[in-house]
Amino acid sequence: MDEQDFFGEGELVAVLTTQPLDRKLDYKAPEGGCFRGAFVEVPLGPRKVLGVVWGKGRGDFDYSKVRSVNRVLDVAPMRDEMRGFLERVSEYTLTPMHAMLRLATRAPGLSDPPSMRKIYRLGEGEPSRQTDARKRVVETLTEYGGLAFTLKELSDMAGVTSSVVKGLVKQGVVREEDTPRDVPFFRLDPEHAGKDLTADQAAGADALRAGVRSGKYGTTLLRGVTGSGKTEVYLEAVAECLRMGRQALVLLPEIALTAEFLTRVEARFGSKPAEWHSGVTMTERRRIWKMVGQGGAQVVIGARSALFLPYQNLGLIVVDEEHDTSYKQDDGVLYNARDMAVLRASICGARVVLASATPSLESWANAEAGKYEKLELTSRFGEAVLPEMKAIDMRVEDLPGSCWISPSLQRAVNTRLDKGEQSLLFINRRGYAPVTICRACGHQIGCDHCDARMVEHRFLKRLVCHQCGETKPMPEECPSCHVEGKLAPVGPGVERLAEEAQTHWPEARLAVLSSDLFGSARALKEGINTIAEGGADIIIGTQLVAKGHNFPLLTLVGVIDADLGLQGSDLRAAERTFQLMRQVAGRAGRSEKKGQALLQTFQPEHPVIRAILSGDELGFWKTEADERRHAGVPPFGRMAGIILSSPDVQQVFDLGNALARSDGPLRAIGAQVFGPAPAPIARVRGRHRVRLLVKAEKSAPIQAALAQWVGQFKLKGDIRLSVDIDPQSFY
Ligand SMILES: [Zn+2]
Ligand SMILES: [Zn+2]
């Protein structure tokens, strides 16, 4: 039977709301009826809440007592494909539907009537007295024909104060009109300014265009070394999507990258696309949400939640830097944006481009298995080539304690300084020192709320917990033995490294790039621009510098501690270190000057370090894939993490043990449970955390079994349980 599409007045409809209820609620269709998918306002107790008409009502409730839908909202109804997508994500991530709907309606004021704003255009009247300022306003309006402007635009362009414009309105020279605030975005022109592509890039662009033209689902892994022009290539797929009248979404891993990217898109297509991330104003979010649904936004550049916008006709999703771990984070729903992009595209017949210089093992394995198409860009754009990579064996370097820049690295920096070129010293640790220890009693200063050590931030003059954000001033005396003046920093952070660099090179201009040292994304962007233009001789940076920023004058990268990421028991430690080192090294020599990357390491013969140095990427992936295949872990097996947390340590362990004992539903599908064990950070914000890990074969129906397994228990008191399918790390 076909699903019913329209419900006449008084017919029962099932409405999904954003409220935490375990079912959809029946309502009577309002006057004039409503379509399936309609966004509605419904009464719930004394409140009015947002909902979506999901289908026919269940009718298991006294009809006379069923309340009516208040009204249908003035926004495009949710499309079938979107409802299907939300249901599939909900099943996959074991997230209740109300939370999915919340994620899909994260724009305020959707139920408000469209708000209006004033615009100004040329009127019929003549000014009573002509002044230069008045003349400029009339000239500006005449020059742009019938176009309308906001008050600010018009006064800025004419170079007058807004009262001049207001004066002309009174005389009828300028007309003031009300127009809806949520206006469409400017059209993007796919033919605006095509870039000259190298043969390699042109071939890649052709393949991606053909995929988009097919109008069918498919995923391509676009692999290109840093500087190979991946962006230019996938923007041609966006162009093809625009020619076909479909919408495109480009996901970026970090807001700081958006500004630079928007400029590139504008250069290619003549206008700015829509921009969706946490830094966008609330009014703008509502405008984007509505326009995406009506087709008034052709291209969206955004963070992972842009995946849940109500596209009218989505034809392409690009996931840039697809390996980036920030695609998997908690938005209230634990999902991996890369994987969900593939799911969404497969539902709506769109193409996916996963772009990276250093793909994730998951994507690499999918490409090897033929599930994804593979595209490789080998030559770097222009003359530049990949930097030469070498290890500095720290076991033989003569280095005093509490110094981290080896003599060999110092010499390499000196050479760059003499030539007027830039160097980057990389350390993946924010703050001054990761540990503060008492030299009298050995006490290490920890966070009061977490089982984490506090990190000294000298710029802030405070200790900061990187787990929960708690800060406190550096104490004068040891909190444990109360001896004064014995607290000492241990180990390097980016601030301490800058201090050391200052002593070696007092004349050099230093710039420290760490996410916490800039007040806003804009300030950060400006800082990066200044550096890129030559405003610094030596850059001291954290992971932030690894992400796509372009420093054309940079010819040397020195990695202070290449071994840092290899410690710890994380499944992806090797993969991450490999990716990070390759990305950081790729910052050097991006213009015509050849670059060099030097890795300080105590274990130069470690397989991961050797793979990084030799540039044998294929060899690395194969070894890593073999190891994971043997261990039956992702991407060759399934895993799920269960985190229990509570202020009461006994309570979490009791529930953890009870879960481990009642593993029947998991054993039924051949899955194993490990734990409970204290989570690697065993206490965060005063809550004790216990972790269980579930491991299953790749084909096992793990979601259903997990739901049944945890469903055996009712959560009492303040205890929380969260399920993380395909965990990225085991925190
Ligand atoms: Zn002490
Ligand atoms: Zn803390």
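Which residues have the most contacts inside the largest nonpolar core? This is a predicted model, in which local features need pLDDT of at least 70 and side-chain atom pairs count only at pLDDT 80 or more, while totals for chains, interfaces and linings use all residues. Residues are numbered from 1 along each chain as its sequence is written, and side-chain values use heavy atoms, with hydrogens and water left out.

**View 1. The largest nonpolar core.** Leu86, Leu249, Val300, Leu307, Phe308 and Leu309 have the most contacts within this core of 55 residues. A nonpolar core is a set of buried Ala, Val, Leu, Ile, Met, Phe, Trp, Tyr and Cys residues joined through side-chain atoms within 4.5 Å; buried means under 20% relative accessible area, exposed over 50%, and partly exposed in between (1.4 Å probe, protein chains only). Helix α10 (residues 337-348) supplies the largest share, 7 residues. Helices (H or I, at least four residues) and strands (E, at least two) are DSSP runs numbered from the N terminus. A second, separate core has 38 residues, including Ala511, Ala562, Ala588 and Val608.

**View 2. Surroundings of leucine 249.** Contact means heavy atoms within 4.5 Å. With residues up to four places away in sequence not counted, Leu249 touches Val300, Ala306, Leu307, Tyr311, Leu314, Leu316, Ile317 and Val318.

**View 3. Packing of α6 against α7.** The axes of helix α6 (residues 199-214) and helix α7 (residues 230-243) come within 8 Å and cross at roughly 30°; axes are lines fitted to C-alpha atoms, for helices over the stretch in contact, with angles from 0 to 180 degrees between N-to-C directions. Among the residues of α6 that meet α7 are Ala205, Leu208 and Val212, and the α7 residues that they face as a group include Val233, Ala237 and Cys241.

**View 4. Cysteine 241.** Cysteine 241 is buried, with a relative accessible area of 0%. Its sulfur lies 9.9 Å from the closest cysteine sulfur, in cysteine 348, and is therefore too far for a bond. A disulfide is a pair of cysteine sulfur atoms within 2.5 Å, and the count by this rule is 0.

**View 5. Helix α2 and its cover.** Of the 8 residues in helix α2 (residues 97-104), 7 are buried. The elements covering them include β2 (12-17), β6 (47-56), α1 (80-93), α9 (282-294) and β16 (334-336).

**View 6. Histidine 457 in strand β22.** Histidine 457 belongs to strand β22 (residues 455-457) and counts as buried at 2% relative accessibility. Neighbours within four places in sequence aside, histidine 457 is in contact with Arg430, Gly431, Tyr432, Arg462, Val464, His466, Glu495 and Asp516.

Technical notes:
Chains lettered and ligands numbered in written order.
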